[in-house]
Amino acid sequence: AGIHTRELRLLGEAGLTTDEIVRALTRAPIEPGAPADLIVLGADPLRDLSAFDDIRLVVRAGRVAPQPAFG
């Protein structure tokens, strides 16, 4: 939710690698006991940034977000 693939592509055009772009979207490492903010995609974003257009699941603060929030 809130991820615009056009902006990600522009970051690539500005010189960032796909790996750097995905890392820039990561707030912090996942740690046991910490509330999680995660997204599940339908494909590998390291192969194609358009994977962010196919969000399958969003978890915010350790809770699954309702599908309309990201679908």
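**Figure 1. T17, a partly exposed loop residue.** With a relative accessible area of 41%, T17 counts as partly exposed, a class that falls between buried (under 20% relative accessible area) and exposed (over 50%), using a 1.4 Å probe and protein chains only. T17 sits in the loop that links helix 1 (5-13) to helix 2 (18-24). Here helices are DSSP runs of H or I with at least four residues, strands are runs of E with at least two, and both are numbered from the N terminus. Across 29 residues of sequence, the C-alpha atoms of T17 and L46 come to 9.3 Å from each other. This is a predicted model, in which local features need pLDDT of at least 70 and side-chain atom pairs count only at pLDDT 80 or more, while totals for chains, interfaces and linings use all residues. Residues are numbered from 1 along each chain as its sequence is written, and side-chain values use heavy atoms, with hydrogens and water left out.

**Figure 2. L38 and its neighbours.** Look for L38 in strand 1. L38 is partly exposed because its relative accessibility is 35%. Leaving aside residues up to four places away in sequence, L38 touches I30, L57, V58 and V59; a contact means heavy atoms within 4.5 Å.

**Figure 3. The largest pocket.** The pocket holds about 720 Å³ of space. A pocket is an open set of points on a 1 Å grid over the protein atoms alone, where a 1.4 Å probe fits and protein lies on both sides within 12 Å along at least five of seven lines; lining residues have an atom within 4 Å of a point. Points are joined across faces, edges and corners, and the volume is the space filled by probe spheres set on them.

**Figure 4. The setting of these views.** The protein has two helices and three strands, in the order α-α-β-β-β from the N terminus. Its C-alpha trace spans about 35 × 25 × 15 Å along the principal axes. Of its 71 residues, 21% count as buried.
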